[in-house]
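Work through these exercises with the structure open beside you. Try each task before you read its solution.

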Amino acid sequence: MNKKLVPVVGLVSLFMLSACSTSIETEAASGSSAKEELQEIKEKNEKLKTKVSNLREKNEELREKNNNLKEKKANLKEKNQDLLEENDELKEENAELKEEAEVLNDEEETEASSDSSEETEGSYTNVIASITEEEAEARIKENAESDWPDDYVMQDFVIEEQRAAYQSLSELSIDTDTKEMLLQNAYDDWGYDFVMVEFAYEEQLSAYNN
């Protein structure tokens with residue numbers, strides 16, 4: 001072997017060893033980087049799994065809430081239907097009560113009319129109330145003009161006094177034989193002089209009560 005080639009071969013070998021070392025280091029560095037990336041991917045995947053799990057839980061909660069709302073809505077519909085039915089029943093009862101009230105009113109009116117008829121048949125007579133306002137007015141004016149001719153002031157005064165006495169007497173409640181008799185006697189004595197009829201009746205009634 002040529003001695004001159006030995007150094008050259010040595011250098012080539014050294015260069016090849018250096019290249020292999022560099023390649024190995026590069027591959028080692030590349031492998032380390034791949035592991036880190038894989039680890040990051042795993043972590044991201046775990047995070048995604050967690051998010052998906054959370055979303056599923058929230059979705060399940062929303063489903064439950066939706067179901068609850070549906071149940072509540074169904075219950076409200078049932079209650080509303082019950083209320084509508086109760087309202088219809090109340091309307092029917094109200095209509096029945098109105099009919100009963102009308103029947104009772106008719107019966108009461110009939111009874112009142114019957115009682116009134118019975119009372120009229122067995123009641124006492126107010127002789128002044130049997131005189132119409134037109135008749136009383138005519139006789140009052142006639143008497144005033146006769147008693148006070150040409151004295152119109154006294155005529156007006158007497159007419160007003162007689163009108164008031166007539167009204168008072170016609171509204172008297174005659175509920176006993178004595179009252180009926182006393183009023184009839186006063187009228188028989190004083191006729192259409194209602195002021196004197198009223199005076200005589202009150203005096204006689206007062207004396208009777210004493």
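**Exercise 1.** Find which helix holds Asn-185, and decide whether Asn-185 is buried, exposed or partly exposed.

*Solution.* Start with the place: Asn-185 lies in helix α4. This model is predicted. Next, take the relative accessible area of Asn-185, which is 36%. Buried means under 20%, and exposed means over 50%. The value of 36% falls in between, so Asn-185 is partly exposed. Last, look across to Gln-204. Asn-185 and Gln-204 are 19 residues apart in sequence, and their C-alpha atoms are 9.8 Å apart.

**Exercise 2.** Describe how helices α4 and α5 pack.

*Solution.* Two packed helices are described by the angle between their axes and the distance between the axes. Mark the helices: α4 covers residues 177-190, and α5 covers residues 194-209. Their angle is about 145°, and their axes lie 9 Å apart. The crossing of α4 and α5 is right-handed. Now list the contact residues. From α4 come Thr-178, Lys-179, Leu-182, Leu-183, Ala-186, Tyr-187 and Trp-190. On the α5 side are Met-196, Val-197, Ala-200, Tyr-201, Gln-204, Leu-205 and Tyr-208. Sort the residues by class: eleven are nonpolar, two are polar and one is charged.

**Exercise 3.** Which residues have the most contacts inside the largest nonpolar core?

*Solution.* Nonpolar side chains tend to be buried together in soluble globular proteins. Here the largest nonpolar core has 22 residues. Those with the most contacts inside it are Ile-128, Ile-131, Leu-183, Phe-194 and Tyr-201. Then ask which elements supply the core. Helices α2 (133-147), α3 (152-170), α4 and α5 each give two or more residues. Finally, follow Leu-183. Leaving out residues up to four places away in sequence, Leu-183 touches Asn-126, Val-127, Ile-128, Leu-169, Leu-172, Ile-174, Val-197 and Tyr-201.

**Exercise 4.** Classify the ring pair formed by Tyr-192 and Phe-194.

*Solution.* Searching the whole structure gives three aromatic pairs. Check the distance for this pair: the ring centres of Tyr-192 and Phe-194 are 6.0 Å apart.

**Exercise 5.** How many helices and strands does the protein chain have?

*Solution.* Count the elements: there are five helices and zero strands. Then turn to burial: buried residues make up 13% of the 210 residues in the chain.

Key:
Residues are numbered from 1 along each chain as its sequence is written. This is a predicted model: local features need pLDDT of at least 70, side-chain atom pairs count only at pLDDT 80 or more; totals for chains, interfaces and linings use all residues. Side-chain values use heavy atoms; hydrogens and water are left out. Axes are lines fitted to C-alpha atoms, for helices over the stretch in contact, and angles run from 0 to 180 degrees between N-to-C directions. Helices (H or I, at least four residues) and strands (E, at least two) are DSSP runs, numbered from the N terminus. A crossing is left-handed if the near helix is turned anticlockwise from the far one by less than a right angle, and right-handed if clockwise. Contact means heavy atoms within 4.5 Å. Ala, Val, Leu, Ile, Met, Phe, Trp, Tyr, Cys and Pro count as nonpolar, Asp, Glu, Lys and Arg as charged, and the others, Gly among them, as polar. Rings of Phe, Tyr and Trp (its six-membered ring) pair if their centres lie within 6.5 Å; planes under 30 degrees apart count as stacked, over 60 as edge-to-face and the rest as tilted. A nonpolar core is a set of buried Ala, Val, Leu, Ile, Met, Phe, Trp, Tyr and Cys residues joined through side-chain atoms within 4.5 Å. Buried means under 20% relative accessible area, exposed over 50%, partly exposed in between (1.4 Å probe, protein chains only).
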